[in-house]
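Q: I have a structure to read and would like a guided tour. Where do we begin?

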Amino acid sequence: MLAAHDAEFILVGGVAAVLQGAPISTFDLDVVHSRSTTSLDRLLAALETLEARYRDPAGRRRAPDKALLASDGHHLLMTRAGPLDVLGTIGQGSSYEDLLAHTIPMETDPGVRVRVLDLETLIETKQAAGRDKDLAVLAVLRRTLEERKKR
Amino acid sequence: MKIENDPSPPTHSEDGVDLTLLRWFLTLTPAERLQVLQDHIASVLSMRGDETSD
């Protein structure tokens, strides 16, 4: 849906790892989005179509807006397609523009090409984050990288 | 007498990663990997739904 609206984003997190061959499971989709004015308009249109709302522990229903999405924060959303984390930056403040050189284009569906954060950078990002949930998958990501290099 | 090493590759890495699973997953295309993930999520959600409906 994001790609269909021509929003600029980079797929990161577990799904990015799966696309590159890491046999892990994840229930949400993580993207780092471009915060350019044009792309924010497209992203917002996609999120409206997806009926996105913040995952609010208090149960309030709040939709993302352009001003919020322009921040470098993390927007943890629920959509009719499932959980979607829209991230202004990751790691040590890396933005869409910072990460762009570390992405690879991949076809996720026929005719649908997305930019995916490469495995090396994904590993670096998870190391830098240092959270238990990030560290837990590092061994699989490192082995995946090793096996890919052998091929 | 020379003892031959087992020629079959290890099934797990030293840090416990299942290499058989990993190597199989790498034979798939990105779209196929995504499909496996989606099927897995659907299965888990289905099982969870079955549990909560009891």
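A: Begin with the charges. A search of the whole structure, which is a predicted model, finds 10 salt bridges over all chains. A salt bridge here is a side-chain nitrogen of Lys or Arg within 4 Å of a carboxyl oxygen of Asp or Glu.

Q: What should I know about the numbering and the limits of the model?

A: Residues are numbered from 1 along each chain as its sequence is written, while chains are lettered from A and ligands numbered from 1 in the order in which they are written. Local features need pLDDT of at least 70, side-chain atom pairs count only at pLDDT 80 or more, and totals for chains, interfaces and linings use all residues; side-chain values use heavy atoms, with hydrogens and water left out.

Q: Which parts does the salt bridge between E51(A) and R80(A) tie together?

A: First the pair itself: the side chains of E51(A) and R80(A) meet at 4.0 Å, N to O. E51(A) sits in the loop between α2 (37–49) and β3 (53–54) of chain A, and R80(A) in the loop between β4 (74–79) and β5 (82–87), so the bridge ties together parts 29 residues apart in sequence. Helices (H or I, at least four residues) and strands (E, at least two) are DSSP runs, numbered from the N terminus.

Q: Which residue forms a salt bridge with E147(A) in its own chain?

A: K150(A) does, with the closest N and O atoms 3.2 Å apart. Both residues lie in helix α6 of chain A, three residues apart, about one turn of the helix. E147(A) is buried at 7% relative accessibility. K150(A) is exposed at 60%.

Q: How does E147(A) meet R23(B)?

A: Their side chains form a salt bridge of 3.1 Å, N to O. R23(B) lies in helix α1 (residues 19–27) of chain B and E147(A) in helix α6 of chain A, so the pair joins two chains. R23(B) is partly exposed, at 25%.

Q: Which residues are linked in a network of salt bridges?

A: K126(A), R131(A) and D134(A) are linked in this way.

Q: How do I read the interface of chain A and chain B as a whole?

A: The size of an interface is often given as the accessible area lost when the parts come together. Buried area is that loss (1.4 Å probe), summed over both parts. Between chain A and chain B, it is about 1800 Å², and carbon and sulfur atoms give 72%. Next, count contacts, meaning heavy atoms within 4.5 Å. Here 22 residues of chain A are in contact with 20 residues of chain B.

Q: How many salt bridges and polar contacts are there between chain A and chain B?

A: There are two salt bridges. A polar contact is a pair of N or O atoms within 3.5 Å; within protein, one must be able to donate a hydrogen and the other to accept it, and residues adjacent in sequence count only if both atoms are side-chain atoms. Six residue pairs are in polar contact between the two chains, both residues at pLDDT 80 or more.

Q: Which elements of chain A give two or more residues to the side that touches chain B?

A: They are α1 (13–19), β6 (103–109) and α6 (132–150). α6(A) gives the most, with seven residues.

Q: Which residues of α1(B) are buried?

A: L19(B), L22(B), F25(B) and L26(B) are. They cover an arc of only 125 degrees around the axis, which puts them on the same side of α1(B). The arc is taken from the directions from the helix axis to the C-beta atoms.

Q: What does the side chain of H33(A) reach?

A: It reaches the backbone oxygen of L87(A) at 3.1 Å. The backbone oxygen of L69(A) lies 2.8 Å from a polar atom of the H33(A) side chain. H33(A) is in strand β2 (residues 29–33) of chain A and is buried at 1%.

Q: Where is T79(A), and what does its side chain reach?

A: T79(A) is in strand β4 of chain A, buried at 8%. Its side chain reaches the backbone oxygen of G82(A) at 2.7 Å. The backbone nitrogen of A81(A) lies 3.0 Å from a polar atom of the T79(A) side chain.

Technical notes. Buried area = accessible area lost by both parts, 1.4 Å probe. Buried < 20%, exposed > 50% of the residue type's maximum accessible area, 1.4 Å probe, protein only.
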